[in-house]
Amino acid sequence: MAIFVAFVAWAQMADPVHFRSELKMLQSDEAEIVFSATIDPGWHLYSTDISDDGPTRATFHADKLDGAELVGKLKPRGNVKEEYDEMFETTLRFFENQGAFVQKIRFTKPKYDISGYLEYGACNDQMCMPPSTVEFSKSGDAPQASIPEEAPEAAAALSVPEEEPTDTANNNATDSITIEIPSEVVAEDSLWTPITAELQAFESAGSNEMNLSWWMIFIEGLLAGFLAILTPCVWPIIPMTVSFFLKRNKERKKAIREAITYGLSIVVIYVLLGLVITLLFGASALNALSTNAIFNIFFALLLIVFAASFFGAFELTLPSSWSNKIDQKSEKTTGLLSIFLMAFTLALVSFSCTGPIVGFLLVAVSTQGDIVAPTIGMLGFAIALAIPFTLFAMFPSLLKSAPKSGGWMNTVKVVLGFIELAFALKFLSVADLAYGWHLLDRETFLALWIVLFALLGAYLLGWLKFPHDDENRKTNVPQFFLGWVSLAFAVYMVPGLWGAPLKAISAFSPPMNTQDFNLYEGSVEAKYTDYDLGMAAARAEGKPVMVDFTGFGCVNCRKMEAAVWTDPGVRDMLNDKYVLISLYVDDKTPLLEPIEVTDVDGTQRKLRTIGDKWSYLERTKIGANTQPFYVLLDPATGKPLNGLRSYDEDIDQYIEFLQKGLKNYGR
């Protein structure tokens, strides 16, 4: 671990290119800003004229041009090499050992004030540096040959031929002004320096939070499994299971042993399913898919199709030949294999009901960013599903007291259909937020949910019927109470249309900043969604920073914002004593240009979106890749003021976390 942290720190702090900048006066009213570079062995400093598919090209950016104007573009000067690069699959032009870039300017006033920076990229055979910059600023009197103060407009009429490029890397002309740029000054790079070692020095509850998060995922999987048991695809299989085991033998001990084996087989099948899906796509790929527009729209449509099936529009089943063949195999074989095949038959036959639940569970936990979370979720689901089958196989007499299949199971299907429609809107909302379409802003989302749960209440109370419902279906007592709760829930959401926080559904609704009409004044909204801009503002205000690594598709992020940030003590500190920077790691807004970086594992990759940039910052700076994560920083140094904090709705501990950061900052 220590070697890994050291490597990350080295990758961030490496400085293979050393620049010297100078302002070289030319004849008449022109001058050159010359950036001369000394390059470490093995490194390439890339030129100006390379394709967008390659590494970062050299460019000059002018922040201030008072009394001067640019003439042409930045040009390389010196021995520029040209080679086809197999990694970038394009021809690259670069300097080795030394090189220079020149930006010509023309004076338009007797006095000038110029500031700007050179942006450049450098790579060796193993890695590329993130885009770096060299600052330049100079003010003073223009040469006497420049335009008189009373006629600055004549500047456009003058035209001095451009001199032929020569190697001026070591040109120390007497009329030049040299500014030494220290190698450590690289456009706030220190703010991006890894702080994993410093974070470990603080007393952090990170591991406990992770364990708590895994427990929550396990419980969610457990609840999903119990819900699946009540579906019409699963419940009727219980008598088949009992019949299968009764025909096998009469010996009590052997029956119990085989029932336990059957339950374990169910657990193994579903856990393996979760592992296979995660390994095929990769945990990070599932995380990326969770905010991908095409995937979210596809999954939303899939849930709508399942909902329509549950409402009675059509029946979704796997080919009967699949389950029949497996069932026949289980009847013919003996021993452990037959029991495993029976468990596999259960998985196939129940797919039309368990498929949507399993799929939603895997996608929901994929934002954890590792292989453990989907496995734990599927473990909980499988255990819940296996419990009744194991018990009924072990004690067949229990089947006499179990409710018989009937109309109540159709009601369960319809209720599941409404729930799947609600989650379909959630998936559409994630895509809408990540790509900034603004089709499902908070009030639109809430309006649809209000109507949806009002209709669910109407169905449970018997006011609404579907084609496959019994003509004489009556509302029983459990359905009455559930219908009452559903209608009350719809009424509960109504104030949210005017900005009420609605903590009960904060994990599912879009964030408050998408609300167009908001009368609620108790929310906390980040003033900055850009790390560098937020840190600069904090330095100007003399306040510490809280960086919130979040995501549009992050359920626990919304929970924290609604349950913790709205507390008066937390809200006042975040609004008044901190500068809050929220970095959305799934923001799909494209960067102006892709950024080539070396990731924490040493691989080279391009950052193409704003979300890529903030995800890279989270991985390299704090050594995490899940959300939410909160880190308190000194805006001047980028160093931590306290340990990390993740999802935990304990308000008192959160206030203590913020107070300790203020104390360490000296406030």
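These numbered points describe a predicted model, from its confidence to its strands and aromatic rings.

1. Basis of the values. Because this is a predicted model, local features need pLDDT of at least 70 and side-chain atom pairs count only at pLDDT 80 or more, while totals for chains, interfaces and linings use all residues. Residues are numbered from 1 along each chain as its sequence is written, and side-chain values use heavy atoms, with hydrogens and water left out.

2. Confidence. The chain has a mean pLDDT (the predictor's confidence in each residue, from 0 to 100) of 74, and 70% of its residues reach 70 or more. Over residues 1–13 the pLDDT stays under 50, and the model has 19 contacts (heavy atoms within 4.5 Å) for them beyond four places in sequence. Residues 148–188 are also a stretch with pLDDT below 50, with 73 contacts in the model beyond near neighbours in sequence.

3. Strands E1 and E2. Helices (H or I, at least four residues) and strands (E, at least two) are DSSP runs, numbered from the N terminus. Two strands pair if DSSP finds at least two bridges between them. E1 and E2 run antiparallel and are joined by 9 bridges; Met-25 has Ala-31 in E2 as its bridge partner. The hairpin of these two strands has 4 residues between them, and in it Ser-28 takes a positive phi near 60°. Of the 9 residues of strand E1 (residues 17–25), 8 are buried, so the strand is largely enclosed by the rest of the structure. Here buried means under 20% relative accessible area, exposed means over 50%, and partly exposed lies in between (1.4 Å probe, protein chains only).

4. Strand E8. This strand (residues 98–107) has 9 of its 10 residues buried, so it is largely enclosed by the rest of the structure. E8 pairs with E2 in the antiparallel sense over 9 bridges, and with strand E5 (residues 68–77), also antiparallel, over 7 bridges. Phe-101 in E8 stands opposite Phe-35 and opposite Pro-76.

5. An open sheet. In the order E6-E7-E3-E10, 4 strands form an open sheet with antiparallel pairing. Strand E6 (81–85) and strand E10 (122–123) are the edge strands, each pairing on one side only. Strand E3 (residues 44–46) pairs with E10 over 2 bridges, in the antiparallel sense. Leu-45 is placed opposite Ala-122 in E10.

6. Aromatic rings. A search of the whole structure finds 21 aromatic pairs. Rings of Phe, Tyr and Trp (its six-membered ring) pair if their centres lie within 6.5 Å; planes under 30 degrees apart count as stacked, over 60 as edge-to-face and the rest as tilted. The rings of Phe-35 and Phe-60 have centres 6.1 Å apart and planes at 45°, so this pair is tilted. Phe-35 lies in strand E2 (residues 30–39) and Phe-60 in strand E4 (residues 59–66), so the pair ties together parts 25 residues apart in sequence. Both Phe-35 and Phe-60 are buried. Elsewhere, one aromatic cluster is formed by Phe-445, Trp-449, Phe-453, Phe-489 and Tyr-492.

7. Ile-581. This residue is found in strand E14 (residues 579–584). Ile-581 counts as buried because its relative accessibility is 0%. Leaving aside neighbours within four places in sequence, Ile-581 is in contact with residues including Ala-526, Tyr-528, Met-535, Val-545 and Val-547. The C-alpha atoms of Ile-581 and Val-545 are separated by 7.3 Å, and the two residues are 36 residues apart along the chain.
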